[in-house]
Amino acid sequence: MAVITNTMLLVRRLSELQRRRDGLVERQDRLRRSLPEWTFVPLQLVGMSAEEIRSMMSDLSKAEKEAGLDEIEREIEQVDRQIEELENMLLTTPARNLESVMAVLDLAVSRFRATTVSDPDDVFYDYGDARVLLFLERAAEDLRAMLLAEQRTAS
């Protein structure tokens with residue numbers, strides 16, 4: 001992979017890869033939901049012999065492979081590696097202007113938002129994480145407003 005030394009290009013490329021990854025995960029989920037009913041039986045096994053379980057798991061692997069899930073899994077792993085490489089580059093590339101800082105902050109906020117539960121009734125809700133997300137979103141909104149005001153006065 002070529003070394004990218006521009007923060008904005010790195011953020012743009014990361015966003016593209018994340019969209020691609022999201023699409024692959026969605027496709028993977030759709031394929032899993034379309035698997036035959038018997039593929040879910042291993043999750044419900046009780047009292048089967050080790051050989052019966054191995055046989056069922058082998059059949060499940062075969063069904064997933066035939067459905068194309070192995071290929072999607074490999075693609076997701078490849079995209080994850082690319083994302084990690086770009087994120088490492090981004091961490092070592094200094095932002096040269098406020099727009100670059102805003103792009104990095106937006107990227108961080110969107111990633112954090114995607115993994116943070118915001119419904120207080122959800123069992124995985126964490127008040128601290130939700131509060132940090134609110135602080136980050138507020139900082140991003142304030143920075144965006146400052147950038148817009150600066151652009152208006154420059155025009």
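Which residues lie nearest the centre of the largest pocket? In this predicted model, local features need pLDDT of at least 70 and side-chain atom pairs count only at pLDDT 80 or more, whereas totals for chains, interfaces and linings use all residues. Residues are numbered from 1 along each chain as its sequence is written, and side-chain values use heavy atoms, without hydrogens and water.

Ser15, Gln18, Asp106, Leu107 and Ser110 lie nearest the centre of the largest pocket, which has a lining of 14 residues. A pocket is an open set of points on a 1 Å grid where a 1.4 Å probe fits, with protein on both sides within 12 Å along at least five of seven lines; lining residues have an atom within 4 Å of a point. The space in this pocket is about 320 Å³, and its lining comprises five nonpolar, four polar and five charged residues. Both α1 and α4 supply at least two lining residues each.

The buried residues of α3 include Ile72, Glu75, Ile76, Val79, Gln82 and Ile83. The 24 residues of α3 should span 34 Å at 1.5 Å a residue, which agrees with the 35 Å between its end C-alpha atoms; the expected span is 1.5 Å times one less than the number of residues.

How values were computed
Helix = DSSP H or I, 4+ residues; strand = E, 2+ residues; numbered from the N terminus. Buried < 20%, exposed > 50% of the residue type's maximum accessible area, 1.4 Å probe, protein only. Points joined across faces, edges and corners; volume = space filled by probe spheres on them. Nonpolar A, V, L, I, M, F, W, Y, C, P; charged D, E, K, R; others polar.
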